[in-house]
Amino acid sequence: MENDIVQMKNITKIFGSYKANDNISLKLKKGEILALLGENGAGKSTLMGMLSGLLKPTSGEIIINGKPAKMENPREAKALGIGMVHQHFMLIPAFSVLENIILGDEPLKAGRIDYKKAAKDIEFLAGKYHLEIDLNAKVSDITVGMQQRVEIMKALYRKANVFIFDEPTAALTPQEISQLMKITHALSEEGKSIIFITHKLKEIKEVADRCVVIRMGKVIDSVRVAETKEAALAEMMVGHKVNFAIDKKEVNQEKDIFKIEKLSVEAHGQLKIKNLDLTVHSGEIVGVAGVDGNGQSELIEAVTGLRKCKTGTIMLNGKKIQHQSARKIAEAGISCIPEDRQNVGLILPLTISENLVLKSYYKKPISNKGFLNYKKINEDGRRMIKQFDIRSQSEKELVGDLSGGNQQKVVVAREISAQPDLLIAANPTRGVDIGAIEYIHEKIMEQRNAGHGVLLVSFELEEILKLSDRVVVMHEGQIVGEIDPRDTSSEELGMLMAGKQQAEEMGEIS
Amino acid sequence: MLHSRSLKGLAVPLISIAAGFIIGAILMLMFGYDPIQNYQNLFIGSLGDIYSLGETLRNMTPLILTALGFAVSSKAGFFNIGGPGQYLMGWFGAIVFALNFPNLPTVLLIIGSLVCGALLGGIWSLIAGFLRAYFGTSEVITTIMLNYIALYFINFAVKNWLASKGSDSSPNIVKKASLNTEFLQKLTNNSTFNWGFFIALITVFVIWIYFNKTRSGFEVRSVGLNEVASLYAGVNVKRTIVVAMLVSGLLAGLGGAIDGLGNFQNISVSNNLPSVGFNGMAVALLAAENPIGIIFAALLFSALQIGGLSISVYSNTPSEIVDIVIASIIFFVGIKYVFEAALAKNWRKKQRKTPDGGMDK
């Protein structure tokens, strides 16, 4: 018991009458890497919120270094050596890396900030833990991966012994992820303890010693990672068997359904798509991989008619569709599951059935001489809720009251039931739970198996490699490579994503 | 679920109204007036007899329409402050039509005047809608400006074109153009109650249908709730904005036209923007932009205004106390988020207790 650095005993947290955490106990040893696995809403963040002083437990006890700790705010938690690396970084973009790290804990010399001493201390720590950071760079100019290292350094600089990483890999490229894994191991070798919050099983296998699975506010099990299979972990997390295999049928892929030629698109005065060619065949899922901000959003906007094309042609079934309205393009046979379902895909304060007709309300039989047939709208709504397994109380429930996964099912239901020739799916499973991910993947695959085209734009490489028949890599508005997902690893794909030049640099470093 | 939502929607305005009356009572006590007596006088003076009731209903008629107008633009996501200008243009249009075609058959004359007024109001608001949709000009600024353009244009027009020399108002319209008929006067003990009230009620119903049953109404709601999602779903957002602003102005214009034909019978030079245009906004806010709610909110505001007059008749309490009550109600509606937060706490507790309510949250 001596080396238990953190002990959480019988922690219960109740919001109103809702039990977010129900009698959870957890131990963390010195130097241990503990994965905290659970679906969205399982109670992971609540639990860590209490450990980092943001929340107070309703009942139960937190013991740090053998002493009961009653933390009133995050500052006290920090003083006890708890360092939190948030999913959304809490950095000031206009400040330099150095300024961000010392903010709130500035070393003083004669009343003035002693930048030299700070820089020296930080550089020492950086060397010890393989944290590559450029102290003089402005935070707004550095990559997401470096921002995360700055967050880690912030905690290290405050002499944290326990690091909480909240979904740390969500926004990283594969190279950055492997770098993070190295850092994590280095921290643990120096005797620091790490809690790694995630729902990605592969990462747990790679990094963690032990894994605590939480479901619906309760600890389901605590297992040694080395002795547990991924499938078993998934089953514990979801509560039922998870089907990882996906039914990929042989289909005729000869016909060109969708063709982009020499497309250029401007956004905010900058050329975001440069001379891009892309083809999607019948019965094919084309994955578009790439780091966020390399023109994916502009590509989708141009194809769906929300953004003007500067030059080039976009053809669906041999007919030009560029320069047409969004509605005309949708009618021509393109559906789109947009990246941002809450702001683009759905109108949250409208009901489920209203959202389901958002793209067809103006047509017969729903609209008749300017009047909407609400009876039909609600009937259709009920049918689609059943068909697409949207968990809700009624078709008149507001979409904003649904969980993320069910909201996404509403979008998927609407877009697929339009029977499109081309389905565009942009990060279709971002932020949804495993059950819904499985379901959405199945639906996308059904589109393909029925001989339609699918353009899958995603930052989740696993998803792209799993579903796609062909993967193209987008970098700075161009397609820089095409790979066969059957014989490519996510590491190789990551190299392409980072762009050729950067990839070479990385090769030199590692 | 739905039932509890509408109940919750009702709670905020009711609490606000109660709070407004309580503030009024506290102030009266502080200054030595009798709140119970005064509220009693207020009630009797507004709803207590058939004459007062007639006055209250007449007074609420334009309020309903300017409130509906504000609600329509607001549902589309716009803050149309142009109610006063649109109301004025409507009033002006109706009077001009009635003065120019006095020989038309009664029905045509009245319909023509109302349509002419509504259209002028609609065009006035359409200008702001058009600028907003195609040039991104803030409708707040343009509608405020258009208010003053309407005011001074009408003053100019009345003085130079309609009024006889030396006069500040137009001649009266012919009797048959008036919405105020002998039948209704007899019925309400010679109040100014007129047919306009029924036109307003029908309009409320039409607008309710518009929002809840028509394609255009659905588009207006969608654009107002989420412009980006509407654009993505293929809605012609620019056209929807223009349509919403047009409908909004038509309604305020109709309010002005009805007041012109039913209440004033002429149009005069005025120094200020008509307060009914602004009060309509308050009514719409109190009703949370619900068409049916607007009827009740307008009734309340109108009753306070009409009843307020009799407060100072039967006691030496200044009738301005009513303005304080009205202002307090609006204030409390404005800070409804405080109530909503407090109510939400209770509500969540109750919801979690229902067997199927908790899981997916």
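The legends below describe several views of a predicted model with chains A and B.

Local features are given where pLDDT is at least 70, side-chain atom pairs count only at pLDDT 80 or more, and totals for chains, interfaces and linings use all residues. Residues are numbered from 1 along each chain as its sequence is written, chains are lettered from A in the order in which they are written, and side-chain values use heavy atoms, without hydrogens and water.

**View 1. Chain A as a whole, with its helices and strands.** Chain A holds 18 helices and 24 strands; helices (H or I, at least four residues) and strands (E, at least two) are DSSP runs, numbered from the N terminus. Along the principal axes, its C-alpha atoms fill a box of roughly 75 × 50 × 45 Å. The radius of gyration is taken over C-alpha atoms, and the globule rule is 2.2 Å times the number of residues to the power 0.38. For 510 residues, a compact globule would have a value near 24 Å, and the 25 Å of chain A agrees with this. Of the 510 residues in chain A, 54% are buried; buried means under 20% relative accessible area, exposed over 50%, and partly exposed in between (1.4 Å probe, protein chains only).

**View 2. The two domains of chain A.** Domain 1 covers 4–238 and domain 2 covers 256–509, with bounds from an automatic or database domain assignment. The contact between them takes 10 residues from domain 1 of chain A and 15 residues from domain 2 of chain A, where contact means heavy atoms within 4.5 Å. Taken over C-alpha atoms, the centres of the two domains are 34 Å apart.

**View 3. Helix H1 of chain A.** H1(A) runs over residues 44–51, and seven of its eight residues are buried, so this helix is largely enclosed by the rest of the structure. The buried residues are Lys44(A), Thr46(A), Leu47(A), Met48(A), Gly49(A), Met50(A) and Leu51(A). Just after the helix, Gly53(A) has a positive phi of about 85°.

**View 4. Helix H8 of chain A and its cover.** In H8(A), residues 230–238, the buried residues are Leu233(A), Ala234(A), Met236(A), Met237(A) and Val238(A). Their cover includes three strands of chain A, S3 (33–37), S11 (210–215) and S12 (218–224). Helices H7 (201–207) and H15 (434–449) of chain A are also among the covering elements.

**View 5. Chain B as a whole, a chain of helices without strands.** Chain B has 15 helices and zero strands. Its C-alpha trace spans about 75 × 60 × 35 Å along its principal axes. A compact globule of 361 residues would have a radius of gyration near 21 Å, and chain B, at 22 Å, agrees. Buried residues account for 52% of the 361 residues. Among contacts in chain B with a separation of 6 or more, 77% join residues 24 or more positions apart.

**View 6. Asn271 in a loop of chain B.** Asn271(B) sits in the loop between helix H11 (237–264) and helix H12 (275–286) of chain B. Its relative accessibility is 68%, so Asn271(B) counts as exposed. Asn155(B) is 116 residues away from Asn271(B) along the chain, yet 8.6 Å separate their C-alpha atoms.
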